[in-house]
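Here's a walk through a protein model, taken one topic at a time. Keep the viewer open and follow along.

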Amino acid sequence: MKINNNYRKLTIVIVGILIIVTISIVIYIKALKPKPITEIKRNIVYISGYYKEYPNDDDPRFYIEFKDDGTFVKIYDDSRRNQDGYWEDGSINEPVIECYFGRYKLENGNYLIKPTNVAIVRFKDAASVDKGLINFYKEENYENNPTIVGMILYKTKKGEYILGNPTADKKSFKKNRNYYLMYNKSDIKKLPSSPEEFRKQFKMDKKAEQERIAEQKRLAEQSH
């Protein structure tokens, strides 16, 4: 009888430990699991989903950070696929990262974001991404370009934010275009503060740079 009591007590202890461990794991996972954001805070980097799902390691994604002075930084990153991923559907693409700088304003609970300039880098192939070796760099100024509409960070009825292309009245986003649910748990904590800072993250392939300069010179001579 005494043995049975001891066995019963030991079983209760083991079951109790298992319950505590299980609850702890569940809480830990929930705390770490990325969640859609319901509040925009300044000077914090948020990451976009791929449509409504948190991005897989090789999915393209946006990063966005709002500053106190009414400006924002937004990065579009499509540099994480393997090489075969850039040859989908018979199209030939290259890894690319685009860094936008601009201004935002809050209307009807939504954020309207319009870029004033952009810096773009491209890579020859996926292997070059790991080396930080680019074969193309370009800056564009959108300050006086009326064709640049920008994007909208739309607040849904659930209070979650979706990044997309604005409708004509700028009160929602176009559901027939790519859109991205925004999440916390960004894997980047700081975005570059200027095109120069963005450019310094990469090395230029010397041959590609020489070819680019030669092409620019050829086009300039043709225009005269």
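Let's start with a term: a salt bridge here is a side-chain nitrogen of Lys or Arg within 4 Å of a carboxyl oxygen of Asp or Glu. K158 and E160 make one, with their closest N and O atoms 3.9 Å apart. K158 is exposed, at 65% relative accessible area, whereas E160 is buried, at 16%. Those words have cut-offs: buried is under 20% relative accessible area, exposed is over 50%, and partly exposed lies in between (1.4 Å probe, protein chains only).

A word on where this comes from. You're looking at a predicted model, in which local features need pLDDT of at least 70 and side-chain atom pairs count only at pLDDT 80 or more, while totals for chains, interfaces and linings use all residues. Residues are numbered from 1 along each chain as its sequence is written, and side-chain values use heavy atoms, with hydrogens and water left out.

Now the overall picture. The protein chain has four helices and 11 strands; these are DSSP runs numbered from the N terminus, with helices being H or I of at least four residues and strands E of at least two. Of its 224 residues, 38% are buried. Contacts mean heavy atoms within 4.5 Å, and among those in the chain with a separation of 6 or more, 54% join residues 24 or more positions apart.

Back to charges. Side chains of opposite charge can pair when their charged atoms come close. By the rule above, the model has 10 salt bridges. One of them joins R80 to D77, at 3.0 Å from N to O. R80 is partly exposed at 30% relative accessibility, but D77 is buried at 6%. This pair belongs to a network of salt bridges that links R61, D77, R80 and D187.

What about D78? That residue sits in strand 3, which covers residues 71-78, and has a salt bridge to R81 with an N to O distance of 2.6 Å. Both partners, D78 and R81, are buried. Leaving out residues up to four places away in sequence, D78 touches P60, Y86, E94, P95 and V96.

Next, the greasy parts. In soluble globular proteins, nonpolar side chains tend to be buried together. A nonpolar core is a set of buried Ala, Val, Leu, Ile, Met, Phe, Trp, Tyr and Cys residues joined through side-chain atoms within 4.5 Å. The largest one here has 25 residues, and I97, V121, I134, Y137, F198 and F202 have the most contacts inside it. At least two residues of this core come from each of strand 3, strand 4 (96-107), strand 5 (110-122), strand 8 (151-155) and strand 10 (180-183). A second, separate core has 23 residues, F62, I64, Y111 and V118 among them. Click on I97 and, again skipping residues up to four places away in sequence, you'll find that it touches residues including I75, D77, V121, F198 and F202.

Finally, a look at the backbone. Most residues other than glycine have a negative phi, and most peptide bonds are trans. Which way does N43 go, positive or negative? Its phi is positive, near 60°. N43 lies in the loop between helix 1 (2-32) and strand 1 (46-48) and is partly exposed, at 40% relative accessible area. N108 also has a positive phi, of about 55°. You'll find N108 in the loop between strand 4 and strand 5, where it counts as exposed at 63% relative accessibility.
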